[in-house]
Amino acid sequence: MLQQPYHLYIERKDANRNVARFYALEVSASLFGDACLTRRWGRIGTRGQVRIEHFAHEQAAVDTFLHLLKEKRSRGYRTRSPAV
């Protein structure tokens, strides 16, 4: 059972280079009790691609979550700015 939920949605936009991408991460519990890290990514406005990884321990999933977050932030992904 997960101690706390982990959800993240970040975007990268650059109009000059025609870049509009999203990346979503979520750590959740599977039906069998192991931790799952679900990643979704693609162009904003599309369904994108999905990859699900299973981990025996929640901490391993959280460590991977944090590593991917750090990697994406270094590539320019940021949380979505609020709509005005």
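I began with contacts, meaning heavy atoms within 4.5 Å. Of the contacts in the chain with a separation of 6 or more, 40% are between residues 24 or more positions apart.

I noted that this is a predicted model, in which local features need pLDDT of at least 70, side-chain atom pairs count only at pLDDT 80 or more, and totals for chains, interfaces and linings use all residues. Residues are numbered from 1 along each chain as its sequence is written, and side-chain values use heavy atoms, with hydrogens and water left out.

**Entry: the chain as a whole**

I looked up the secondary structure and found 1 helix and 5 strands. Helices (H or I, at least four residues) and strands (E, at least two) are DSSP runs, numbered from the N terminus. In sequence order the pattern is β-β-β-β-α-β. The C-alpha trace spans about 45 × 25 × 25 Å along its principal axes. I then checked burial, where buried means under 20% relative accessible area, exposed over 50%, and partly exposed in between (1.4 Å probe, protein chains only). The chain has 84 residues, and 33% of them count as buried.

**Entry: strand β1 and its partners**

I took two strands as paired if DSSP finds at least two bridges between them. Strand β1 (residues 6-14) pairs with strand β2 (residues 19-29) in the antiparallel sense, over 9 bridges. Across this pairing, H7 stands opposite E26 in β2. The hairpin of β1 and β2 has 4 residues between the strands, and there N18 takes a positive phi near 60°. β1 also pairs with strand β5 (residues 78-79), again antiparallel, over 2 bridges. Here I10 faces T79 in β5, standing opposite it.

**Entry: helix α1**

I looked at the length of helix α1 (residues 58-74), which has 17 residues. From its first C-alpha to its last it reaches 25 Å, close to the 24 Å expected at 1.5 Å a residue; the expected span is 1.5 Å times one less than the number of residues.

Which residues of α1 are buried? I listed E58, A61, V62, F65, L68, L69 and K72. Seen down the axis of α1, the buried residues fall within an arc of 125°, so they line one face of the helix. The arc is that of the directions from the helix axis to the C-beta atoms. An α-helix has 3.6 residues a turn, so residues three or four places apart point the same way.

The face of α1 turned away from the buried side carries the exposed residues Q59, K70 and S74. What covers the buried residues of α1 includes β1, β2, β3 (35-43) and β4 (49-55). After α1 comes G76, with a positive phi near 105°.
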